[in-house]
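The entries follow the order in which I looked them up.

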Amino acid sequence: MASPRRRQALVLLALAAIVALGAAVRIFVGLHDPNFDARDAKGLLKSDPGLLHYVTARIVEARGLPPADFRADPRLEHPELTDFAAIETPGQEFVVAWCQLLFGGETPLHVTVLWVMGIFASLTAAAVFGMARELTTSSAWALLAALLYAVLPVNYRTAGVGLIREDFSLPWFALHLWLALRAARLGTPASFALAGAAAGLAAATWHAMGFVLGIEAACLLAWFLRSGQNPFATPRSWILLATLAVFALAVPVLREKQFLLSLPMQIALALLAEALLARRWPLGKLAQGLAVLAVWGALLALGLTLARASGGGLADYSHVYAMMKDKIVRLGVLPADPRELSFESRLLWSGPFQTGTWRDLTQGETFGAALLAVALFVFAPGWLRGRGDARELLVVLFALAASVAAWLVQRLFVLPGMVTPVVAALVLRRARPRSLGWGLMSAGVLGQAAYVAILSAGYVNPWYWPPQRIAELARTIDAVEAHVPAGEAVAADFVNSTAILAHTRRPIVLQPKYETVRSRRRSEAFLTTFFHGTPEDLRALLASWRCRYLLVDRGLLWYTFGYAAGVPGTQDRPSPGTAAEVLMSSDARVLESVPGYRLLYRSSREFDVFRLFALE
């Protein structure tokens, strides 16, 4: 029989192999995509990754330190200065830049990005192991849970893209869940501080993490209202919140967004207030619940008041609240007529936060979803009685709530993908005989592994599709560099804008990280004027931004941003006389005779999408 130390070493070696497996899949998918160019990133970078690549490259140029204008960048939303640290959640940019400086050598930065982020994102498997080990007390079951995580296709949604916020934030959040489960058992000051620090790092590196932490807090509240068990009644548990509060005050973006009064902090502070109150004046179950809801209501009112007064903070996330309200009211169905939604709601809904589908669930994590359904019956009695292992019940509840959130927002399928392997271990370890549980878990892992292997072998990333667009975007970037003087701003949709920024360093007027009211108002003004105003109206708008160059992507603007601009999908062509009709024309005589516009470049006839104009 192996000694405990040797068994521990073997477990760690197996866990390292699982993490390496996940990293290998991500890196393989990225480097072997037929449309990925490992030598030249021109044409590959756009939207969010393009913006973050620009920032990362500038950190490399600054030898790993923030650039001199990091807090007042003149290129992101010309002619305004932009405090990148206050509007964004930087973190991965520094890690990638440091790795490029230390190990990159002659490797192109975008290739280093794939390696570093592939490895970092795969570290989530280690936290999944920790959660499962904490709840099952079995390293074998924990390894199976980590392996299941590593072979669920849903956990590879971002593979090959690079510099996606959740790839850096989710490992910290998974670590937080593990450390929170551990802290609930140990109850030591250090354990609570570590759980709070991991939550702070997760919140500081992805805007959406505030809402993910809100799901966690809502689960704690639901269990408290059902059972009367307050997680913050545990001695020293306040240290977790205090640590998180330090991050909320110290990190620029969390301070700017008033994270201290965000949804998760409101619920947690309300529970803490009730716990402190109950120590002095013991309350009945009904009074406990009313006390928590009253404090939460007061904090919510305070947050909304400050948001209205400042015009920023929590108000910067008004587009998320608007979209979620509309999704719930409409049961996740995007209306055919965009005018039924506000601009903020349709901008987000028709973009990266589409409603999830049954196909997403069944193809992404079939085995995990099936075990989650079984968990409903296994753990329902404990929930209904308000008794049982609170940690297990809360993990199952979080997995269910995360699945609902993933249906509302397709991008969040990584949440159930992260937690359902732990739920699978909790369910199957109860099977009798024990070999049945082991057999089912092993079969599920093997089945998902075969499926992800098939997907990886022939995967073509839609981010780099079609290849003609990549080539044409590269040629267009060359045209911008040739025709637009250095320092002159270029107006374009915010997907292509960051390609221009990353490769030419020309200032842009629209950027894709629109988690500020100012950024969304700019996007609304541009899209509304382009689709509903005249060319002269658009020229006047760009002049107000001191911008003399315009890049039009007729394919992307019409098929992607037309809905956000309020153009009904049934409309076959832009309205007559609008800037959209004129500037997206395929008639050379029209393009070359627009008053106040001089055509500098037009895409090739084979893929005719881009037009570059100088405004006169």
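Entry 1. I worked from a predicted model. I began with what covers the buried residues of helix α24, and I found that the cover includes the helices α23 (517–532) and α26 (579–583). It also includes the strands β3 (490–491), β4 (549–553), β5 (597–602) and β6 (610–615).

Entry 2. I then asked which residues of α24 (residues 535–544) are buried. I noted Pro535, Leu538, Leu541 and Leu542. They lie on the same side of α24, because the arc they cover around the axis is only 120°. Just after α24, I recorded a positive phi of about 55° at Arg546.

Entry 3. I turned to a pair of packed helices. Such a pair is described by the angle between the two axes and the distance between them. For α11 (residues 238–250) and α13 (residues 263–280), I read an angle of about 145° and axes 11 Å apart. The crossing of α11 and α13 is left-handed.

Entry 4. I looked up which residues meet where α11 packs with α13. From α11 I listed Trp238, Leu241 and Leu244, and from α13 Met265, Ala268, Leu269 and Leu272. By class, this contact has 7 nonpolar residues, with no polar and no charged ones.

Entry 5. I stayed with α13 to check Gln266, which lies in this helix. Is Gln266 buried or exposed? Its relative accessibility is 3%, and buried means under 20%, so Gln266 counts as buried. Leaving out residues up to four places away in sequence, I found that Gln266 touches Leu261, Trp296, Leu299 and Leu300.

Methods: Residues are numbered from 1 along each chain as its sequence is written. This is a predicted model: local features need pLDDT of at least 70, side-chain atom pairs count only at pLDDT 80 or more; totals for chains, interfaces and linings use all residues. Side-chain values use heavy atoms; hydrogens and water are left out. Axes are lines fitted to C-alpha atoms, for helices over the stretch in contact, and angles run from 0 to 180 degrees between N-to-C directions. Helices (H or I, at least four residues) and strands (E, at least two) are DSSP runs, numbered from the N terminus. A crossing is left-handed if the near helix is turned anticlockwise from the far one by less than a right angle, and right-handed if clockwise. Contact means heavy atoms within 4.5 Å. Ala, Val, Leu, Ile, Met, Phe, Trp, Tyr, Cys and Pro count as nonpolar, Asp, Glu, Lys and Arg as charged, and the others, Gly among them, as polar. Buried means under 20% relative accessible area, exposed over 50%, partly exposed in between (1.4 Å probe, protein chains only). The arc is that of the directions from the helix axis to the C-beta atoms.
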